[in-house]
Amino acid sequence: MDRDQGVTAPQGFRAAGVAAGIKPNGKPDLTLVVNDGPSAAAAGVFTRNQVKAAPVLWSQQVLTTGSLRAVVLNSGGANACTGPAGFQDTHATAEKVADVLGIGAIDVAVCSTGLIGERLPMNAVLAGVDLAVKELGRGAEASLAAATAVITTDTVAKQAALTHADGWTVGGFAKGAGMCAPNMATMLSVITTDAVVARSTVDETLRAAVESTFNRLDVDGGTSTNDTVLLLVSGAAGVEAGPEDFAAAVTAVCADLVAQLQADAEGVTKHVTVTVRGAATAAEAVAAARAVAQDNLCKTAFFAGDPNWGRIAMAVGNAPTEFDQHKLDITVNGAAVCRAGARAAHRSEADLSGRDILVEIDLHAGEGVGTILTTDLSHGYVEENSAYSS
């Protein structure tokens, strides 16, 4: 996996990231990704939150065509809970991109991230589109600029690219550090490919990849109003990708981006993996793992390096799963702290002093397996989110 390349690693894509003046601090805040084709096939997966930002509603509508030529993204404002005027702002942004590029507004997706409840400074947004079009380019510099202009509380840009042996490539970027329990994706991500792919395969591939990657990251239990993952296909490599190889590549890029999101979560000091085995179904395994990942008592214990397996047992017991508590096994960083529902090894045998924590749970109720990635709940997270304003 190449983390020095991103959305323009595949042929047929140009990108830019500029400082449009949306953020008061003068940092980059508007990204434009353009698909020069020949294909315009695209798919999107969006937040399941019932409160959806205006750009989510817009992008869902335009993607009913199954095609996109461009995506414009801004940080510094979510454009969520802004009413009809906020939707008009999104429409105006798409119209502006379409006008400058000579395409239709229906070919333009819009994504926003930042503070909820405030309208965007449209003069800055529209002027930023003009600036971004002038800056469009290919290569590592353009990819990094695009990945950087979407970040909010992220400390680093997150991008990845993978080239298949047959000569086609998948690339992309993602942003997200908090409000990450997406039930679809984590904040904003754009994935691109120059493979030749059947249009019917694009949506199916993206949804499966999201389910096994972005949907398995749970930083804080908060599903954003703006979560969006887009997959754009240019077909510019001229090489047809087999469905299985294509799915594997898209999933690998998504998984790498998710690992970067976990590593840069707000206030993170621990990277936690919760794996549940022996559930009645895979869905129940995921639900049980998510219950542990979201539990604040577990997360504060992880922060303290305290292998308090009783909290883990409590969290599993609150999950919508069926199992016999007298068969519950819990292992923390290789130490079998709970066996058959009771104390086994002394908790001090579980060393949580390092950055990585692996929690393994066996319900002995079936063949279902599921994993959720999460983080600890630290002082830094509380400080970041008690004064969030951008």
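Mentor: One term before we start. Buried means under 20% relative accessible area, exposed means over 50%, and partly exposed is in between. Keep in mind that this is a predicted model.

Trainee: OK. Then is Gly139 buried, exposed or partly exposed?
Mentor: Partly exposed, because its relative accessible area is 25%, and that falls between the cut-offs of 20% and 50%.

Trainee: Where does Gly139 lie?
Mentor: In the loop between helix H3 (122–135) and helix H4 (140–148).

Trainee: And what is Gly139 in contact with, leaving aside its neighbours within four places in sequence?
Mentor: Gln5 and Thr8. Take Gln5: it is 134 residues away from Gly139 along the chain, yet their C-alpha atoms are separated by 7.3 Å.

Trainee: New topic. How many salt bridges does the structure hold?
Mentor: Eight. Side chains of opposite charge can pair when their charged atoms come close.

Trainee: Show me one. What does Arg14 pair with?
Mentor: Arg14 forms a salt bridge with Asp36. Their closest N and O atoms are 2.8 Å apart. The pair links distant parts of the chain, 22 residues apart. Arg14 sits in strand S1 (residues 13–18). Asp36 is in the loop between strand S2 (30–35) and strand S3 (42–46).

Trainee: What about Arg277?
Mentor: Its side chain meets that of Glu360 in a salt bridge, at 3.4 Å from N to O. Arg277 lies in strand S10 (residues 271–279) and Glu360 in strand S14 (residues 356–362), so the pair ties together parts that are 83 residues apart in sequence. Arg277 is partly exposed, with a relative accessible area of 36%. Glu360 counts as partly exposed at 23%.

Trainee: One more pair. What does Glu211 meet?
Mentor: Arg216, in a salt bridge of 4.0 Å from N to O. Glu211 counts as partly exposed, at 35% relative accessibility.

Trainee: On to helices. At what angle do H7 and H8 pack?
Mentor: About 60°, with their axes 5 Å apart. Helix H7 covers residues 282–294, and helix H8 covers residues 296–304.

Trainee: Which residues make that contact?
Mentor: From H7, Val292, Ala293 and Gln294. From H8, Asn296, Cys298, Lys299 and Phe302. By class, that contact has four nonpolar, two polar and one charged residues.

Trainee: And H1? Which of its residues are buried?
Mentor: H1 runs over residues 54–62. Its buried residues are Ala54, Pro55, Val56, Trp58, Ser59 and Val62.

Trainee: Last topic, pockets. What volume does the second largest pocket have?
Mentor: About 190 Å³.

Trainee: How many residues line it, and which lie nearest its centre?
Mentor: Eleven residues line the second largest pocket. Lys23, Asn25, Lys27, Ile151 and Thr152 lie nearest its centre.

Trainee: And the lining by class?
Mentor: Three nonpolar, five polar and three charged residues.

Note on methods
Residues are numbered from 1 along each chain as its sequence is written. This is a predicted model: local features need pLDDT of at least 70, side-chain atom pairs count only at pLDDT 80 or more; totals for chains, interfaces and linings use all residues. Side-chain values use heavy atoms; hydrogens and water are left out. On a 1 Å grid over the protein atoms alone, a cavity is a set of points where a 1.4 Å probe fits but cannot get out, and a pocket is an open set with protein on both sides within 12 Å along at least five of seven lines; lining residues have an atom within 4 Å of a point. Grid points are joined across faces, edges and corners, and a volume is the space filled by probe spheres set on the points. Ala, Val, Leu, Ile, Met, Phe, Trp, Tyr, Cys and Pro count as nonpolar, Asp, Glu, Lys and Arg as charged, and the others, Gly among them, as polar. Helices (H or I, at least four residues) and strands (E, at least two) are DSSP runs, numbered from the N terminus. Buried means under 20% relative accessible area, exposed over 50%, partly exposed in between (1.4 Å probe, protein chains only). Axes are lines fitted to C-alpha atoms, for helices over the stretch in contact, and angles run from 0 to 180 degrees between N-to-C directions. Contact means heavy atoms within 4.5 Å.
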